[in-house]
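Take a look at the model below.

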Amino acid sequence: MEVSRDPGGTVRVDRFVVAVDCGQVVNLSGAEAQVQGGVLDGLSAALHGEITVEQGRVRQRNFDGYPLLRLREAPPVEVHFVSSAAPPSGLGEPPLPPVAPALANAIFALTGTRLRRLPLDSALKELSRG
C-alpha cells in the first residue's frame with residue numbers, strides 16, 4: 001500500500017498492490033473485480049467502520065451514520081495473480097483481512113506513528129493536525 005501526505009498534511013491512500021495465490025484463475029476480469037472489491041471494502045472498514053451501541057441499541061441506523069468509502073478516497077488497486085496449476089479456490093474474502101494492517105504499516109512508514117485502533121479515520125485527522 002502506498003500512502004502520502006498532501007501539502008495540508010492530510011494522509012491519503014495512493015495505491016494498493018495485491019498479489020493473490022488462488023489456484024487457477026477461471027475468469028480473469030471477474031477475479032480481478034472480486035479482489036478490487038475486497039480491498040476497497042477492507043479500506044472502507046479500516047477507515048470508517050465504527051459501530052457504537054448506546055443503551056443497548058446500535059447508533060448507526062443508516063449510511064449517514066456509517067459512511068462507506070467515497071469514490072474520491074478509493075485508490076487504484078493493482079492485482080497480480082500467482083501462476084498456478086492448483087484447482088481454483090475461493091476468492092471472495094481473502095483480499096479483505098490484510099487491508100487494515102497494510103494501511104497501518106504504510107502510515108507508520110510515512111509518519112513514524114503506530115495506529116492501533118480501528119477505524120483509523122479519527123487518528124488520521126489527528127495526524128493531519130500535528
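Ile51, Val53 and Val58 form a nonpolar surface patch of about 260 Å². Patches take residues with over 30% relative accessible area and no salt bridge, joining like charges within 9 Å and nonpolar side chains (Val, Leu, Ile, Met, Phe, Trp, Tyr) within 5 Å. A salt bridge puts a side-chain nitrogen of Lys or Arg within 4 Å of a carboxyl oxygen of Asp or Glu. Areas are Shrake-Rupley values with a 1.4 Å probe; for residues, only the protein chains shown count as cover.

This is a predicted model: local features need pLDDT of at least 70, side-chain atom pairs pLDDT 80 or more, while totals for chains, interfaces and linings use all residues. Residues are numbered from 1 along each chain as its sequence is written, and side-chain values use heavy atoms, without hydrogens or water.

Val58 sits in strand β4, residues 57-58. Helices (H or I, at least four residues) and strands (E, at least two) are DSSP runs, numbered from the N terminus. Val58 counts as partly exposed because its relative accessibility is 36%; the class lies between buried (under 20%) and exposed (over 50%), with a 1.4 Å probe and protein chains only.

Now the helices. α1 (residues 28-48) packs on α2 (residues 99-111) at about 65°, axes 8 Å apart. Axes are lines fitted to C-alpha atoms over the stretch in contact; angles run from 0 to 180 degrees between N-to-C directions. Contact (heavy atoms within 4.5 Å) involves Val39, Gly42, Leu43, Ala46 and Leu47 of α1, and Val99, Ala100 and Leu103 of α2.

Overall, the protein chain has 3 helices and 5 strands. Their order is β-β-α-β-β-β-α-α. Of its 130 residues, 29% are buried.
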